[in-house]
Each structure stands twice: as structure tokens, then as C-alpha cells.
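Keep the viewer open and follow along.

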Amino acid sequence: MVEPIKKTTQAQRETALRAAGFNTFLLRSEDVYIDLLTDSGTSAMSDWQWAGLMLGDEAYAGSKNFYHLEEAVHKHYGYKHLIPTHQGRGAEHILSQIMISPGDTVPGNMYFTTTRYHQEHAGAQFADVIIDEAHDPTSPHLFKGDIDLGKLERVLKTAKHVPYLCVAATVNMAGGQPISMKNLKAVRELCSRHGVPIMMDATRAVENAWFIKTREAGYADKSCAEILREFCSYTDGCTMSGKKDALVNIGGWLSLNDDKLAEKARNMVVIYEGLHTYGGMAGRDMEAMARGIEESVQDEHMRARVGQVEYLGELLQSYGVPVVVPIGGHAVYLDARRFYPGMPQDNFPAQMLAAELYLDAGVRVMERGVVSAGRDAKTGKHHYPKLELVRLTIPRRVYTQAHMDVVAESVVAVHDRAEKPKGLRMTYEPEYLRFFQARFEPI
Ligand code: F0G
């Protein structure tokens with residue numbers, strides 16, 4: 001699908017940004033020139049996927065597209081049960097509700113906003129067990145998604161009850177950073193000794209497989225598909241947002257190997273999502289996702305996808321712009337702390353930088369710092385994450401390298417006038433996942 005994009009003037013962008021309360025989530029997409037807000041649901045579908053849409057079996061129960069999806073998930077991810085959901089957070093909700101009891105602790109390799117929300121909503125406390133390097137944007141560690149075995153063991157030994165370990169591949173909030181096969185194997189061994197299952201956030205697990213292929217010893221000659229299967233084999237189930245790796249605009253699933261848990265999940269999916277053979281998706285959506293999964297595990301696709309992200313990242317580095325290294329799988333992350341060295345975190349530097357980028361050339365990006373981190377449920381104080389980042393997220397199969405050049409030039413222009421902005425003040429704060437709808441004004 002080819003979509004037109006619109007150029008705007010500086011004056012138009014100023015008006016649009018004010019109307020949006022300096023929050024890029026509140027801009028209208030027609031006022032955006034190059035949209036790097038997210039890679040979620042924004043990828044372009046292939047001819048084969050569009051053809052699949054025409055073959056939607058819209059029966060209420062037992063649609064043949066459900067069975068195609070089940071086959072694709074089984075073939076490439078290997079799990080026994082598939083419970084479709086409308087998107088990733090639908091699966092997170094069900095998993096959290098069936099596995100967590102109040103007072104539990106759920107360890108994870110950093111957090112994702114909706115994932116942690118659902119864990120806390122079910123009564124759990126989240127414990128970060130990612131390696132320290134992940135919190136340092138300048139550390140060149142090749143697998144910053146790895147779990148610190150010492151930190152994990154401490155949680156397993158001291159927490160009252162750990163229902164499961166949540167492993168994200170890749171780690172979005174750390175900068176799209178992968179976890180190594182070696183680390184996951186060791187984690188599996190440790191968790192098995194404590195009788196704790198591992199649930200993966202598989203949202204970008206194929207991108208993770210690509211990094212294992214290109215960075216980890218012994219995997220260069222294996223295909224992404226083979227690596228993905230091995231990776232999943234060390235886990236007991238997954239939540240999935242099909243809107244990323246699986247190349248669709250909407251959809252997700254929950255996979256489980258345990259029969260009893262799957263039965264519980266199937267009981268819940270009918271309350272919140274839809275029947276267990278569609279989970280909130282139309283038949284045609286399930287067909288597009290089944291085909292998207294097939295395409296996503298192709299090595300040539302991944303080479304082009306991750307290669308484009310690297311292209312932008314390396315261009316920005318060559319201009320001396322502070323970015324998180326190594327460059328991640330789905331996005332380049334600007335380090336707002338180094339962009340605005342004097343600006344206190346209370347003035348929301350990453351939110352400011354995202355607004356500045358929109359003003360300069362109409363490029364839309366996302367804050368991933370103190371606003372996204374939210375407040376501590378007990379103390380009511382801001383969480384102050386070490387990482388104060390802005391994410392330039394690349395949709396799959398949408399933009400050309402020329403678009404990336406425009407983005408890089410705009411980032412450089414904003415970097416050159418970095419002494420001007422003083423930061424933002426929050427004027428409206430929603431109760432949940434505040435970054436989506438919060439409003440700001442310049443200081
Ligand atoms: N897990 C990860 C790692 C994600 O990145 C997302 C969504 C989800 C779970 C939730 O999935 O959106 O389908 O409900 N990330 C989007 C983003 C919103 O922009 O990174 P969902």
C-alpha cells in the first residue's frame with residue numbers, strides 16, 4: 001500500500017503541537033510528515049497478505065483462518081496452545097489474571113509499560129533482573145537484554161511466590177536490545193531448579209533471532225526460523241503483539257504449553273476478547289497474521305529490516321548525535337540526557353526532545369523516559385528511570401533510505417540548538433499509562 005504524506009509549515013506545526021499539549025501521541029497523523037512514533041501496526045502488508053484478506057472465513061466459530069494461524073504459530077514458535085487476542089495487551093491481561101495472585105513477585109528483563117501494568121493490576125510486584133549494562137546507554141554490550149543470574153536468583157530465593165519469569169525478546173525499553181541464547185539457556189536451568197516457568201514477550205523475538213544469528217558464536221549458519229524455534233523451546237509460553245514482527249495492523253496471541261493453564265485462558269478469553277477461535281480478530285486478520293509470520297522469519301526480510309534501522313543509527317552516530325549503542329532492532333534511541341545535559345528529569349527532557357523534533361520537520365517520535373515510567377503505585381512519586389530516551393521507531397517495509405536521511409538532518413538541526421529549550425511542565429496527568437494522553441506546556 002502506498003500512502004501520501006504531507007509537508008507542513010513551521011507555523012502549522014506550532015499550532016498542531018500546542019493543540020496536542022506537546023504530546024506526540026495527541027497529534028493527528030495527517031499533520032505528520034514522517035511517522036516514527038511506533039513500529040506497532042504501522043508496517044506495510046505484502047501482496048500475499050492482502051490476497052489472504054480476501055480469503056477471510058468470517059464464521060463465528062472454527063474459522064479456517066484460525067487453523068492457519070495455529071499452524072503458523074506451531075511451526076515457527078513451537079508452543080502447544082494458541083489463544084488469539086485482539087493485540088498484545090489482551091494476552092498480557094489474560095496471562096496476568098490466570099497466573100498471578102496478590103503479593104506475588106514477577107521478575108523481568110526490564111519492563112514494558114502495558115506488561116508491567118497488567119502484572120501490577122493482578123496484584124504482583126515487578127522486579128527488574130536485567131544486567132546493569134542495559135541501564136547504561138553508552139555500554140557496547142552486544143546482548144543488553146540478558147538477565148543477571150545473580151539478581152534473578154536473589155528474587156527466586158527471597159520472594160514469597162514467583163508465578164513466572166517474564167523474558168522480553170528484544171527489550172523495547174532498553175533500546176530494542178537482544179537477549180543471547182546462552183543467557184536464556186542458563187536462565188532456563190536456574191528457573192527449572194526453582195520450579196518457576198518462563199513466559200516470553202515474543203513481540204520482537206524474530207528480530208532477537210536475527211541478532212543471535214549475527215552476533216552470537218555458533219549461530220551464523222542457522223536460519224532465523226531455526227534460531228526462533230530453539231529460543232522458544234527454553235520457554236513455557238508467550239504473549240505476542242502481532243503488530244510488530246508479524247507484520248499486521250492489528251492482532252495478537254497468547255501461547256501456552258501447559259494444558260490446564262490453556263484451559264483457564266480459554267475460559268477467560270471469551271469474557272474479554274471473543275470466542276477462543278477468533279479472540280477479537282476477524283477471520284481475515286488471522287489470515288494476514290498467519291502469512292505475516294511466514295514472511296517475518298525469512299532471513300532476507302530481517303536483513304533489510306534491521307539493516308535499515310542500523311543505517312539511520314550509524315548516520316546519526318557519524319554526525320556526533322548521542323544515541324543508545326548498540327543500535328537496536330526496531331528503533332534508534334536518542335539519549336535525551338546527553339542532548340540536554342543541564343535539564344533536570346523533572347522537566348521531561350525526552351518529552352521536550354520529541355516535541356522539538358516534530359516542530360523542526362514534522363517527524364513524529366516517542367518519549368521513553370520519566371513520563372513513560374509513570375508513578376510508583378505505593379509512594380505516588382515519579383519513577384525516575386536511568387534511561388531518558390526518545391525512540392525513532394522504523395515501521396517495516398514503509399520508508400526508504402531517503403526518508404531516513406531527512407530524519408537524520410532534522411535530528412542534527414535540533415541537536416545544534418539544544419541549549420534553547422528549558423523543558424516542559426505537565427498540565428494534565430491521566431491515571432493509567434499517562435504517556436499516551438498527558439498534556440504539557442513549555443517552561
Ligand atoms: N510488549 C512489547 C515489548 C511491546 O512493545 C508492546 C507494544 C506490547 C507488549 C503490547 O502490545 O500494543 O499489541 O497491546 N508496543 C508498542 C510500541 C505500543 O510502540 O512499542 P500491543
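Thr 170 counts as buried, at 5% relative accessibility. Keep in mind that this is a predicted model. You'll find Thr 170 in the loop between strand S5 and helix H7, the latter covering residues 181–193. The peptide bond joining Ala 169 to Thr 170 is cis, with omega at about -15°.

What does Thr 170 touch, once residues up to four places away in sequence are set aside? Part of the answer is Gly 176, Gln 177 and Pro 178, and the rest of the list is Arg 204, Ala 205, Glu 207, Asn 208 and Phe 211.

Look for Ala 168, which stands opposite Asp 201 in S6.

Strand S6 runs over residues 198–201, and both of its faces are covered. In a regular strand, side chains alternate between the two faces of the sheet. On one side of S6 sit Ile 198 and Met 200, on the other Met 199 and Asp 201, and all of these are buried.

## Another cis bond

Now move along to Val 325 and Pro 326, which are also joined by a cis peptide bond; omega is about -15° here. Pro 326 belongs to the loop between helix H12 (299–318) and strand S9 (331–335).

## Two positive phi angles

Which phi does Met 110 have, given that it is a residue other than glycine? The value is positive, near 65°. Met 110 lies in the loop between strand S3 (105–108) and helix H5 (113–121). With a relative accessible area of 9%, Met 110 is buried.

Leu 247 isn't a glycine either, and its phi is positive at about 65°. Its loop runs between strand S7 (237–241) and strand S8 (252–256). Is Leu 247 buried or exposed? Its relative accessible area is 0%, so it is buried.

Gly 21 is in the loop between helix H1 (10–19) and strand S1 (34–35). At a relative accessible area of 3%, Gly 21 is buried. Now find Arg 439: it is 418 residues away along the chain, yet the C-alpha atoms of Gly 21 and Arg 439 are separated by 4.4 Å. Leaving out neighbours within four places in sequence, Gly 21 is in contact with Ala 438, Arg 439 and Phe 440.

Zoom out and look at contacts between residues at least 6 apart in sequence: 72% of them join residues at least 24 apart.

## The whole chain

Along its principal axes, the C-alpha trace spans about 60 × 55 × 45 Å.

Of the 443 residues, 61% are buried. The accessible surface comes to about 17,700 Å², with 52% of that belonging to carbon and sulfur atoms. As for charge, there are 50 positive and 56 negative side chains, and the centres of the two sets lie 3 Å apart.

Definitions and conventions:
Residues numbered from 1 in each chain as written. Predicted model: local features only at pLDDT ≥ 70, side-chain atom pairs only at ≥ 80, totals over all residues. Heavy atoms only, no water. Buried < 20%, exposed > 50% of the residue type's maximum accessible area, 1.4 Å probe, protein only. Contact = heavy atoms within 4.5 Å. Areas by Shrake-Rupley, 256 points an atom, 1.4 Å probe, with all protein chains shown as cover. Lys, Arg positive; Asp, Glu negative; His and termini not counted. Charge placed at Lys NZ, Arg CZ, Asp CG, Glu CD. Helix = DSSP H or I, 4+ residues; strand = E, 2+ residues; numbered from the N terminus. Pairing = 2+ DSSP bridges.
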